[in-house]
Amino acid sequence: MARYSVAYGDQRIGFALRRQPRLKGRVAIHVMPDGGVMVDAPEGSELQDVKQAVRQRAAWVWRELQAQRARQRHVLPREYVSGETHFYLGRRYLLKVLATQRANAGARLWRGRLEVTTPESSAHAVRHLLNAWYRERATAVFEQALVNMAARMRLPQPLPPWRLLSMRTQWGSCSPKGALLLNPDLIKAPKACVEYVVAHELCHLKEHNHSERFYRLLGAALPDWERRKQELDGLAELVLNR
C-alpha cells in the first residue's frame, strides 16, 4: 500500500493510499484506531487531487490525531497481574490470577471478575490464556451478531465465510470475494459497537467501497451507526491496549 504525506503548517501528515476500483465520488479519509491515516480514493484519481483533498481536511485530521495521542498518554501498558481491569463487551472486570499445580489452566468470567488459572503466572502465560478465552467468546458472539444482522438486512443464507484476525488498524474487513475478517479485540467493546462493525462489513457484500450508496445501506441497517462508531472510536486506545 503506497504511503504519502502533505504539509500542515510546519508538520506533515502521513497517510496510506488505498485505491478503490468501485468507489465513486469524493476521497474518503479515515483516522484509524492506532493513529494512522487511511485514504480511500477512486482508482482513476490523480495523486495531486488526492493530496489536495487531504490538505482541505488537514485541520480535522490533525485535531483527530492530537486527540488520539492525548488519549494514548493515559493508557498504561498491561502487566497481566491480579487487580488489573480488562474489558469484555464494554464492561471492566477485575483480573484475578490463580496459581494451580494441576493441568486445568484456563480463563473464565466468574462472579463479576476475569479469573485466569495457571501453573505459570508470568505475564506471557496469563496473556496467552486470557487471549484464548477472548477468541473463544469472540467466535460465539460474532457468529450470533452476523446471524442477527444478516437477517435484519435480509441477506441471502448461508452466511459468508468469516474468521478472526488480529489487526492493528482495522476492526474488520471484507475481501472482494466476500470473505469477512473480524478483529478479536472487538469483543472487548460494547455489543452495540460489535453490531456496528458487523453491519459495516456486511454492507460491503453489496457495496465494496465507501460510496453514498454504501452509507445508505448502513443507515438502513443501523440508523444510529454514527453514534456507535463514535463510541467505538473513543474506546479504541483502551480496547486495543494489549
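How many helices and how many strands are there in the protein chain? In this predicted model, the protein chain holds 6 helices and 11 strands. Its C-alpha trace spans about 65 × 50 × 30 Å along the principal axes, and 45% of the 242 residues count as buried. Among contacts between residues at least 6 apart in sequence, 50% join residues that are at least 24 apart. The chain is divided into domain 1 (3-73) and domain 2 (84-240), and the centres of domain 1 and domain 2, taken over C-alpha atoms, are separated by 26 Å.

Strands of a sheet pair through backbone hydrogen bonds, in either a parallel or an antiparallel way. Strand 2 (residues 11-20) pairs with strand 4 (residues 37-42) in the parallel sense over 5 bridges, and arginine 18 stands opposite aspartate 40 in strand 4.

In soluble globular proteins, nonpolar side chains tend to be buried together. The largest nonpolar core of this model has 49 residues, of which Phe142, Leu146, Trp171, Leu186, Val198, Leu202 and Leu232 touch the most other members. Several elements give two or more residues to this core, including strand 6, strand 8 (113-118), helix 4, helix 5 and helix 6, while helix 3 gives the most, with 12 residues. Leucine 202 can be followed through its contacts: leaving aside residues up to four places away in sequence, leucine 202 touches Leu146, Met149, Ala150, Met153, Leu155, Pro160 and Leu180.

An α-helix has 3.6 residues a turn, so residues three or four places apart point the same way. In helix 5 (residues 212-221), the buried residues are Phe214, Leu218 and Ala221. These residues lie on the same side of helix 5 because they cover an arc of only 60° around the axis. Glu212, Arg216 and Ala220, in contrast, are exposed on the other side of helix 5. The table sets out the helices against which the buried residues of helix 5 pack.

| Helix packed against by the buried residues of helix 5 | Residues |
|---|---|
| Helix 3 | 123-152 |
| Helix 4 | 191-203 |
| Helix 6 | 225-239 |

**Glycine 90**

Where is the place of glycine 90? Glycine 90 is found in the loop between strand 5 (85-88) and strand 6 (91-99). With a relative accessible area of 30%, glycine 90 is partly exposed, because that value falls between the limits of 20% for buried and 50% for exposed. Not counting residues up to four places away in sequence, glycine 90 touches Lys188, Ala189 and Pro190. Glycine 90 and glutamate 226 are 136 residues apart in sequence, and their C-alpha atoms are 17 Å apart in space.

Notes
Residues are numbered from 1 along each chain as its sequence is written. This is a predicted model: local features need pLDDT of at least 70, side-chain atom pairs count only at pLDDT 80 or more; totals for chains, interfaces and linings use all residues. Side-chain values use heavy atoms; hydrogens and water are left out. Buried means under 20% relative accessible area, exposed over 50%, partly exposed in between (1.4 Å probe, protein chains only). Helices (H or I, at least four residues) and strands (E, at least two) are DSSP runs, numbered from the N terminus. The arc is that of the directions from the helix axis to the C-beta atoms. Contact means heavy atoms within 4.5 Å. Domain bounds come from an automatic or database domain assignment. Two strands pair if DSSP finds at least two bridges between them. A nonpolar core is a set of buried Ala, Val, Leu, Ile, Met, Phe, Trp, Tyr and Cys residues joined through side-chain atoms within 4.5 Å.
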